[in-house]
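Here are my notes on this model. Please read them with the coordinates open.

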Amino acid sequence: MTDPRILIVEDETALAEVVRDYLVAAGMTVDVMAEGTGAVDFALEGKHDLLVLDLMLPGVDGLTICRELRRTSLVPIIMTTAKVEEIDRLLGLELGADDYLCKPYSPRELVARVRAILRRAAAASSGDVGQHQRLKIDAERWQATLDGITLDLTRREFTLLQSLAARPGRVFSRDMLLALAFPDDTEVFDRTVDSHIRNIRRKIAAVSDQDPIRSVYGVGYAFEG
Ligand code: CA
């Protein structure tokens, strides 16, 4: 496995350097950008395993970058901000960042959080959607099983469930689910997501009394496992 590659977008150069040194010492490869312009494009190249994204940046701010990325990308994001009261507001905006850190933070704390998120992401992408959870997803065979019983899903339903289950707890908007699950499928629309989810739920209900999909009013859906 190659070293995790981290993108730091931070305009405080001294801080960015310290953080970079700590991450490198922890065995990671690090890119640093001192402004927001171009950060979305760079991140969308898909080379990075995680972003450390400052909120206030020259050029494009962290909030815009996070929103842009979350339209199509699941790359883990740690947002950093200079004001602790900002964090509540950011949480309320449901930006989809994975974690938030208030400045000044200890580089050691950041490394610990980066490691924790990378561990979770690795577990999720290995298809190992939690050992204690009952849903198993076999991406090669397009097959999902719940408690050992195969769910009779269509390809679209499978892809949708797979996208949701890849990030337990994360709330996805319908737009994001569309972009993730059906990037090239122009026949699927916002409301189609709802009917696919209904079908998935019906098929899950046939084998289980638990509904692992949570509806988030006005936003979309989350997989709770
Ligand atoms: Ca800043």
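1. The donor residues of the calcium ion follow the sequence spacing D-x42-D-x1-M. Donors here are N, O and S atoms within 2.8 Å of the metal (3.2 Å for Na, K and Ca); water is not among the atoms, so sites may look incomplete. The model is predicted: local features need pLDDT of at least 70, side-chain atom pairs count only at pLDDT 80 or more, and totals for chains, interfaces and linings use all residues. Residues are numbered from 1 along each chain as its sequence is written, and side-chain values use heavy atoms, without hydrogens and water.

2. Asp11 (OD), Asp54 (OD) and Met56 (O) are the protein donors, 2.1 to 2.3 Å from the calcium ion. Asp11 sits in the loop between strand E1 (5-9) and helix H1 (13-25). Met56 sits in the loop between strand E3 (50-54) and helix H3 (62-70), 45 residues apart from Asp11. Helices (H or I, at least four residues) and strands (E, at least two) are DSSP runs, numbered from the N terminus.

3. Asp11 is partly exposed, at 31% relative accessible area. Met56 is exposed, at 61%. The classes are buried under 20%, exposed over 50%, partly exposed in between (1.4 Å probe, protein chains only).

4. An open antiparallel sheet has the strand order E6-E7-E8. Pairing requires at least two DSSP bridges between two strands. E6 and E7 (residues 143-146) share four bridges. Leu135 has Leu146 in E7 as its bridge partner.

5. Val84 lies in helix H4 (residues 84-92). Val84 is exposed, with 55% relative accessible area. Val84 and Tyr100 are 9.6 Å apart, C-alpha to C-alpha, and 16 residues apart in sequence.
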